[in-house]
Amino acid sequence: MDSNLPAFESHGGKLEAYDDGHIPETFQEEQTNDDALSSSTPRIVRYDAAVSTQPSNVYIYDGILNPNSARMLYEVTATSSTIPSQQEDIKQTTDGAPMLQGESPWGTYVTIQEALEWIEWKKLEGNCLPEHYTHDNNCNNFEEYLIAWRQNMIRFRKWQARSNKQSTDEKKEENMDTNNRDGSDIYRQVEDMDYIRHSLAVEAVSKFFLQTIPNKDQIGQTKIGQASKDTTTLFQSPDFLQQAHGVAVWALSSYSGNSVQYHIDYAELLRYEYNVTVPPLYAGTIQCSQLWNDQKRPNTNQNQTMKGGEFCVNLRGLDHYSEHGYKGNISGDSSGGWRRPKNDITDQCPKGIHTNDNTKWVTVPYAFNRGIVHRGDLPHLSAPVESITIDNNASTLARVIVGFNVFGHDVGERISKAPEHSKTFRRKVRMYRSTINTCKPKESKNEGNKSRQTGMDISQIRKNKGLTKLLILAKREKVKKELRRNQEQLSCKIWNRLLLVENHADKNGQLLTVADIVHEFGSINDDIDGSWPKSIDVHVHLHHLLLSTKSTQDVSQQQNKSLMHNHFQDSEGVLGSPGAWYSIQTTTAIAQTKQMEEKRKLIPLTALLDITRVN
């Protein structure tokens, strides 16, 4: 399995043993097997080369997004009713605005290229959001904002479609224009909740990571951590664009009594598959509920207060995490030693932020539309939510956060296929769990005080549709690989046989026929069931080999240069010229052979085979 691991080292990562007290369920069975100890030993990837120049600072940005955009993120995540005024806005939405539905959790993946395209479009095309929509901190005119946002998305999608068409051939462009002249597909797409969530994620990544964080003059920024004149920003834009492949974006809603235990962020699916912890390069959150810790809603007399729910992060990084482990499994403290400060919110700390110089814990109060970002290997947690009230009355308003994990080019492509909390990710996890439960060894009745394993229950596998499908797909892939390998071996045998004839004037200088090759490599298997190749297989294979028209340059760029095409590089100089290229010629012209192909006829068995040098 390790052979399939990403190339961490080539991207500034270092793989090493690291016990955080957690074994994924996909590896727990191996703990009873001493022979499997190496594969079940937890490991971690340290990106010291990529982020060692960045101290363990925490950066806080208030007003990070358009507040209406932050509210949209709330509405597409919260699964219960919101405050009455918000609920009325949604119900009264006209046909021009998207209907928003909450789902928690959800996840998606935004590539850096997507985010750059969004920024480019805004520069070239502008947007149709009036100025007062952009700066209204109280999210007034939300319904009108939704209408304008939908129009923006339609314009952006049409711009993308035009840009993509420019890179296609004229025929494809003509077909696309004819089939989608009214843009109906685009209009349907902007109504899809998964598309809406992804679009909001693209906006947030663009604003947060590409436009705000690298900006040294950003208003509203607060830095907590090591003092350094060179750390005005977490990263510089050129470095980030070079390092980052994309951002995994996820969202969670929680209520009174909920919390997120001590942990570090990492690529969940890679932990499931390899028991390797791959932290993101950078991690961040945006707080999307119109809630504040122990303070009034700005510019109003309304109290929308949450007690608890603070974001807490430790500046000691992996050294601290090694002492406490995943959810405190090593130390036994699921809070990793964090305790709520006695001076919970004080005027002496900027924005109510509290830093414990002894423990290196930073406690950041919850505040609507607040962005927090730091190095990806810093352990953190969300404090328990004790209560959520509006004007001292209990509220069903949820605490919503949207999280961001920036991954590099070594793992980004893999993560993009099943980002954490996405539907694809959840299906994969269910499949793994189903496989584990089905494949657990059965135990016989106790013999004395011992039980013994009696094997796997095949009937359970047959009942498990997901596992059955997985095994069928695996079997098909195995068969395909075996066929490709056998075809490559047959091509190699044919070429070696023809080279032998050419070099030693076999058969008194006579050329071999198609029938000679078919008989030599196929007839011995004709009477053996399940064997390959039979005579007809060799005949078909040689026929297609002769039809191949790839150039020597195309073939030379492939891994198996001599196998599946009608060009062979004599690297060993069997015919006297090392590196020379040869092709097979027949007494039947290639054009005639192609006509036979169209008529479902194979090249005649009597056709003579000869080798000709092509360079």
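This report covers a helix packing, aromatic contacts and some backbone features in a predicted model.

**Helix packing**

Two packed helices are described by the angle between their axes and the distance between the axes. Helix α3 spans residues 67-75, and helix α10 spans residues 193-212. Their angle is about 140°, and their axes lie 10 Å apart. The crossing of α3 and α10 is left-handed. From α3, the residues in contact are Ser69, Met72 and Leu73. They meet Ile196, Leu200 and Glu203 of α10. By class, this contact has 4 nonpolar, 1 polar and 1 charged residues.

**Aromatic rings**

The model has 16 aromatic pairs. One of them joins Phe235 and Tyr282. How are their planes set? The ring centres are 4.9 Å apart and the planes meet at 50°, so the pair is tilted. Phe235 sits in the loop between β5 (221-224) and α11 (237-243), while Tyr282 belongs to strand β9 (residues 282-287). The pair therefore ties together parts 47 residues apart in sequence. Are the two residues buried or exposed? Both Phe235 and Tyr282 are buried.

Phe235 and Tyr282 also belong to a cluster linked by ring pairs.

Two arginines sit over rings. Arg71 lies over the face of Phe142, 3.8 Å from the ring centre. Arg271 has its charged end over the ring of Tyr266, 5.6 Å from the centre.

**Glu268**

Glu268 is in helix α12 (residues 268-274). Its relative accessibility is 22%, so Glu268 counts as partly exposed. Leaving aside neighbours within four places in sequence, Glu268 is in contact with Glu420 and Phe425. Glu268 and Val278 are 10 residues apart in sequence, and their C-alpha atoms are 8.3 Å apart.

**Backbone features**

The peptide bond from Ser104 to Pro105 is cis, with omega near 0°. Pro105 falls in the loop between α4 (84-91) and β4 (106-111). Another cis bond joins Trp532 and Pro533, with omega about 5°. Pro533 is in the loop between α18 (514-522) and α19 (535-547).

Lys360 and Asn369 are residues other than glycine with positive phi. The table sets out their phi and accessibility.

| Residue | Phi | Relative accessibility |
|---|---|---|
| Lys360 | near 65° | 35% |
| Asn369 | near 65° | 4% |

Lys360 lies in the loop between β12 (354-355) and β13 (361-364). Asn369 lies in the loop between β13 and β14 (370-375). At 35%, Lys360 counts as partly exposed. Asn369, at 4%, is buried.

Terms used:
Residues numbered from 1 in each chain as written. Predicted model: local features only at pLDDT ≥ 70, side-chain atom pairs only at ≥ 80, totals over all residues. Heavy atoms only, no water. Axes fitted to C-alpha atoms, helices over the stretch in contact; angles between N-to-C directions. Helix = DSSP H or I, 4+ residues; strand = E, 2+ residues; numbered from the N terminus. Left-handed = near helix turned anticlockwise from the far one by under 90°. Contact = heavy atoms within 4.5 Å. Nonpolar A, V, L, I, M, F, W, Y, C, P; charged D, E, K, R; others polar. Phe/Tyr/Trp six-rings, centres within 6.5 Å; stacked < 30°, edge-to-face > 60°. Buried < 20%, exposed > 50% of the residue type's maximum accessible area, 1.4 Å probe, protein only. Lys NZ or Arg CZ within 6 Å of the ring centre and 35° of its normal.
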